[in-house]
Every structure is written in C-alpha cells, then in structure tokens.
Amino acid sequence: MSALDELAADDLHDLAAAATLDRTALLIAARNRIDAELARTVRHAELIQAPEHDGLTSMASWLRGHCRLSSRAAGQLVRNGRALERLRAVAARCAAGAVSGDQVSVLAPVLRPDYLTAAAEQDVDLDEVDDTLAEVAATRPHDDLGQVVQHYLARLDPDGPEPDPTEGRSLTIAKHSDGSVSLRGELDAVGGEKLQAALESYVQADRPAGDDRSRAQRQGDALVQLCDVALASGQLPILRTVKPQLLVTIPMADLIAPSPGPAAAKTGFGAQLSAARARWIACDGGVTRIVIGPDGQPLDLGRTHRVVPPHLRRAVEHRDRHCVFTGCSAPSHWCDVHHLVEWQFDGETSLDNSGLLCERHHTKVHHGFRIERDTAGRWHSYRPDGTEILTPEPFW
C-alpha cells in the first residue's frame with residue numbers, strides 16, 4: 001500500500017512520452033501479479049469454505065456482497081482461481097506479471113469437465129498443453145490466444161456433430177424512456193460473419209470527406225441503413241396484414257406547423273418523437289390521413305369484407321394502441337383485430353366493431369370471455385360467468 005501511495009504522489013506532468021509508456025507497462029505487469037495473487041487467494045478461500053465465516057455459502061456471493069463486484073466479475077475471479085490451480089505454467093507467467101486475468105478467463109474453458117474427459121480419452125498431455133498456452137498468452141496478441149484455445153477444443157472432437165447455429169444466437173432490445181434502444185446479442189461464427197459483411201458494405205460505401213464519426217457510430221449508422229433498405233424493398237414478411245414499415249402518428253396541426261413540437265408524435269413501438277423529426281420522416285414517406293367521421297376515409301366496410309384491410313387496422317391501432325383485454329399491454333404488432341360481434345353473427349368490419357387483442361386473449365374471447373367498449377371509450381373485459389375483470393386499486 002505504501003508503494004501505491006508513492007506512485008499516486010508522482011507528478012505525471014514531469015514524465016516524457018517514453019517514461020509514461022514505461023510506467024504504463026510496469027503498472028500493467030504489477031496489476032497482473034496482483035490479479036494472480038488475488039485469484040490464488042480466492043481459490044484458497046473457496047477450498048477452506050471461508051465465506052461461511054461471514055454467513056455466506058460461496059466466494060462469488062462474498063465477493064459481490066463484501067467487495068461490491070458484479071456477478072460477472074466475481075464469477076470470473078472464482079473461475080480464474082480454479083484455472084490457475086491446475087494450469088501451473090500459466091500461473092507462473094501470471095505471477096511474473098506476463099499474463100493477465102482476462103487472458104486466464106480465455107483459457108479457463110480448457111478445464112471444463114467434458115473437455116478434460118475428451119482429453120483423457122485421447123491421451124492428451126495437459127502439462128504440454130499448459131506450457132503451450134502459457135507461451136502463447138505471454139508472447140502473442142490477445143485475439144491469437146482465443147483462436148489457439150478454440151483450435152485446441154475443436155480438435156478434441158473433430159468428428160462430433162456441428163451445433164445448431166440458432167443455439168448460439170440471441171438478441172435483446174431494451175427500450176429506454178426516451179424511445180432510444182440498447183442492443184445486446186450473441187451470434188455464432190457464421191451469423192456474425194454475415195452481419196459484419198453486410199454492415200461493412202455500408203460502412204465502406206459511406207465515408208465522406210471530413211467524416212469524424214467513430215467506428216462504432218459508423219456501424220450504428222450502417223445497421224439503420226441496412227434496415228432502411230430492407231423495409232424499402234418490400235420483401236420483408238407481412239406483419240399482421242400490413243407490410244412492415246416505420247409508423248409515426250402525429251396530429252395534422254403539428255405536422256404542418258413550423259414549430260419543433262417536442263413529444264408531438266408517437267411511433268408504432270411507442271417512442272415519443274418531436275414534430276420536427278416526424279416531419280423529417282414524412283419527407284420521403286407515405287402520409288395516411290385518418291379521420292373518424294362521415295367525411296373522412298371510409299372506415300365502415302359493412303358486410304363486404306371479412307378480413308380487416310390495412311387502412312382499418314391502422315385506425316384500430318391508432319385508437320387502441322395495445323391489447324385491450326384488462327391487464328394486458330401487448331403491443332399492437334402482436335395483436336389481431338377482433339370483431340366484437342362476430343362475422344358469422346352479422347358483425348360488420350368497422351372501427352366500432354373492432355378491437356385489438358393479442359393471440360392469447362383473442363383465443364380467450366372465443367372461449368367464453370368477452371370484451372366491450374363503453375360510450376366513454378373505455379374497454380371492459382368479462383369472465384365466462386359474466387363478472388367483470390377489474391384491476392386492483394392501489395393500496396397507498
């Protein structure tokens with residue numbers, strides 16, 4: 001601690017470029033040595049069940065609760081301790097400051113029980129593997145280490161079945177209160193290669209002079225452009241009787257007014273946009289006027305159409321926004337347009353006789369449940385016994 005105090009007291013402004021780089025390399029080596037000792041200590045604490053002393057069952061939970069580490073960091077530290085206990089050559093390089101904790105986490109899968117079993121069945125000398133991995137980790141770039149590890153693991157089962165690529169693919173879209181989204185996903189090697197090839201075509205095709213966007217910004221723009229082209233092509237699957245497209249709803253007064261108009265428009269997925277941005281979108285988009293009344297677009301189609309046409313669906317989505325069954329807020333793109341009075345019972349295909357229902361609740365209303373809309377525009381849901389489904393009142 002005293003050595004760290006001395007380092008923190010140094011005036012970095014007195015250091016030249018070369019000395020600053022030397023200091024950086026020295027600190028990284030020191031950090032690697034500390035990481036090695038930390039992993040060794042965590043492993044020892046795990047073996048003697050030290051967390052029980054503080055009433056906890058695992059080192060991961062102790063690290064989260066007492067040292068405020070994230071679940072990911074705590075788990076990685078525990079796994080690194082186990083790996084260094086078995087990979088002696090790698091542990092020696094770590095203790096010397098030549099291998100980092102991140103590199104150890106890349107090596108850890110080598111010790112998975114299934115891979116250890118496969119190595120034993122093929123008489124693989126794990127000590128030799130340990131020496132090779134330690135040398136690669138200490139002397140070659142980080143990406144090379146991952147490739148070497150994957151090459152070794154693949155050779156343990158060269159004739160095994162190829163995994164289903166869909167098992168390695170996932171995408172999570174988290175929407176924030178301002179309508180922006182965060183993406184988090186995983187792709188298999190082939191899927192990742194396809195995505196990179198598609199994005200790179202747009203990244204390289206759009207590099208104007210003076211472009212100061214970061215690589216991440218260019219890739220984000222490329223992803224949006226890829227979606228633009230797919231939507232404009234008209235080749236995407238039909239979504240609830242309508243071609244998928246960017247949908248924005250804005251009052252006519254805000255559309256034609258010159259003022260910015262914050263939060264004047266709403267997208268199909270619920271994001272709030274300013275009137276200025278909605279007008280920008282409308283520059284190269286189609287504009288549909290929805291007027292509820294006898295002088296507007298004919299929304300009442302009588303008995304001539306059983307299937308709800310696109311313009312009527314738009315009007316129903318605009319009015320209902322989401323599934324109207326009590327307690328459900330499934331978005332409109334998950335919903336069907338339901339005839340309140342069914343077609344076979346002379347129900348008309350009209351706005352007044354329509355309501356949005358998700359698949360689950362659409363099934364429910366065809367098996368005894370019922371929905372209706374009162375004169376004030378509020379929806380009500382009823383059980384098969386006729387009692388209304390009510391949401392509980394707040395207790396505060």
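The protein chain of this predicted model contains 15 helices and nine strands, where helices (H or I, at least four residues) and strands (E, at least two) are DSSP runs numbered from the N terminus. Of its 396 residues, 29% count as buried; buried means under 20% relative accessible area, exposed over 50%, and partly exposed in between, with a 1.4 Å probe and protein chains only. Residues are numbered from 1 along each chain as its sequence is written, and side-chain values use heavy atoms, with hydrogens and water left out. Because the model is predicted, local features need pLDDT of at least 70 and side-chain atom pairs count only at pLDDT 80 or more, whereas totals for chains, interfaces and linings use all residues.

**Chain totals**

- The accessible surface of the protein chain is about 26,300 Å², and carbon and sulfur atoms account for 55% of that surface; accessible areas come from the Shrake-Rupley method with a 1.4 Å probe, and for residues only the protein chains shown count as cover.
- Among contacts (heavy atoms within 4.5 Å) between residues at least 6 apart in sequence, 49% join residues at least 24 apart.

**Nonpolar cores**

- The largest nonpolar core comprises 35 residues, a nonpolar core being a set of buried Ala, Val, Leu, Ile, Met, Phe, Trp, Tyr and Cys residues joined through side-chain atoms within 4.5 Å.
- Two or more residues of this core come from each of helix 2 (17-47), helix 3 (59-66), helix 4 (71-86), helix 5 (88-95), helix 6 (101-107), helix 7 (113-121), helix 8 (126-139) and helix 9 (142-156).
- Helix 8 contributes the most to this core, with six residues.
- The residues with the most contacts inside the core are L63, V90, C94, V104, L107, V149 and Y152.
- One of these, V149, is in contact with V106, L107, V110 and L133 when its neighbours within four places in sequence are left aside.
- Another core lies apart from that one and has 19 residues, among them L312, F325, V337 and L356.

**Helix 5 and helix 8**

- The axes of helix 5 and helix 8 come within 7 Å and cross at roughly 30°; axes are lines fitted to C-alpha atoms, for helices over the stretch in contact, and angles run from 0 to 180 degrees between N-to-C directions.
- Helix 5 is therefore roughly parallel to helix 8, since angles under 35 degrees count as roughly parallel, over 145 as roughly antiparallel, 65 to 115 as roughly perpendicular and the rest as oblique.
- R88, A89, V90 and R93 of helix 5 make the contact with D130, D131, A134, E135 and A138 of helix 8.

- R68 follows helix 3 and lies in the loop between helix 3 and helix 4.
- Phi of R68 is positive, near 60°, and R68 counts as exposed at 70% relative accessibility.
- Q49 lies in the loop between helix 2 and helix 3; phi of Q49 is also positive, near 55°, and Q49 is exposed, with a relative accessible area of 55%.
- Most residues other than glycine have a negative phi.

- Three strands form an open, antiparallel sheet in the order 3-4-5; two strands pair if DSSP finds at least two bridges between them.
- Strand 3 (248-249) and strand 5 (272-273) are the edge strands, each pairing on one side only.
- Strand 3 pairs with strand 4 (residues 265-267) over two bridges in the antiparallel sense, and V248 has T267 of strand 4 as its bridge partner.
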